[in-house]
Amino acid sequence: MPHFYFHFTMDDEFFPDRMGQNFNDLAAAHSHAIVLASRVMSYCEIESRTPRTERWVVSIEDDAGRVLMSVIIRCESAACDVRRVPPRPSRLGSRSC
């Protein structure tokens, strides 16, 4: 099972993921990156803080340190909440596991 790392970049700050997690594929890692970004933004809401930046990036890397994908979350002047992003349709259709 592939191992992925999820590094956060906000403004000029870099927050490395030193542990990473196993996922079946890059699509599952992408979904996890969206969840991570949502959790960070939720924390800001709970703490009554406004995000310091208009752009957050979650970079997904493999064990070799190659960036496989970057998830860019843009926060415009309206409230930014990635939990409202509709889920991507599955390429496999509506089959269940």
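The dialogue below moves from the overall layout to single residues.

A: Please note at the outset that this is a predicted model.

Q: What order do the elements of the protein chain follow from the N terminus on?
A: The order is β-β-β-α-β-β, and the secondary structure comes to one helix and five strands. Of the 97 residues of the protein chain, 34% count as buried.

Q: How should I read a strand such as β4, and why is it largely enclosed by the rest of the structure?
A: The general idea is that side chains in a regular strand alternate between the two faces of the sheet. In this structure, strand β4 covers residues 55–61, and six of its seven residues are buried, so the rest of the structure largely encloses it.

Q: In which sense do β1 and β4 pair?
A: Strand β1, residues 3–10, pairs with β4 in the antiparallel sense, over six bridges. Within this pairing, F8 stands opposite V58 of β4.

Q: Which residues have the most contacts inside the largest nonpolar core?
A: They are F6, V58 and I60, in a core of 14 residues. The elements that give two or more residues to this core are β1, α1 (26–46), β4 and β5 (67–74). V58 also illustrates how to read a list of contacts: with its neighbours within four places in sequence left aside, its partners include F6, F8, A33, A37, M69 and V71.

Q: Is H32 buried or exposed?
A: To answer this, one compares the relative accessible area with a cut-off, since buried means under 20%. H32, which is found in helix α1, has a value of 15% and is therefore buried. Not counting residues up to four places away in sequence, H32 touches F6, Q21 and F23.

Q: Where is D63 placed, and is D63 buried or exposed?
A: D63 lies in the loop between β4 and β5. Here the other cut-off applies, as exposed means over 50%; D63 has a relative accessible area of 56% and is thus exposed.

Q: What is D63 in contact with, leaving aside its neighbours within four places in sequence?
A: D63 is in contact with H3 and Y5. D63 and Y5 are 58 residues apart in sequence, and 7.7 Å apart in space from C-alpha to C-alpha. Their side chains make a polar contact at 3.4 Å.

Q: How much of the contact total in the protein chain comes from residues 24 or more positions apart?
A: Such pairs account for 49% of the contacts with a separation of 6 or more.

Technical notes
Residues numbered from 1 in each chain as written. Predicted model: local features only at pLDDT ≥ 70, side-chain atom pairs only at ≥ 80, totals over all residues. Heavy atoms only, no water. Buried < 20%, exposed > 50% of the residue type's maximum accessible area, 1.4 Å probe, protein only. Helix = DSSP H or I, 4+ residues; strand = E, 2+ residues; numbered from the N terminus. Pairing = 2+ DSSP bridges. Core = buried A, V, L, I, M, F, W, Y, C linked by side-chain atoms within 4.5 Å. Contact = heavy atoms within 4.5 Å. Polar contact = N/O pair within 3.5 Å; in protein donor to acceptor, adjacent residues only side chain to side chain.
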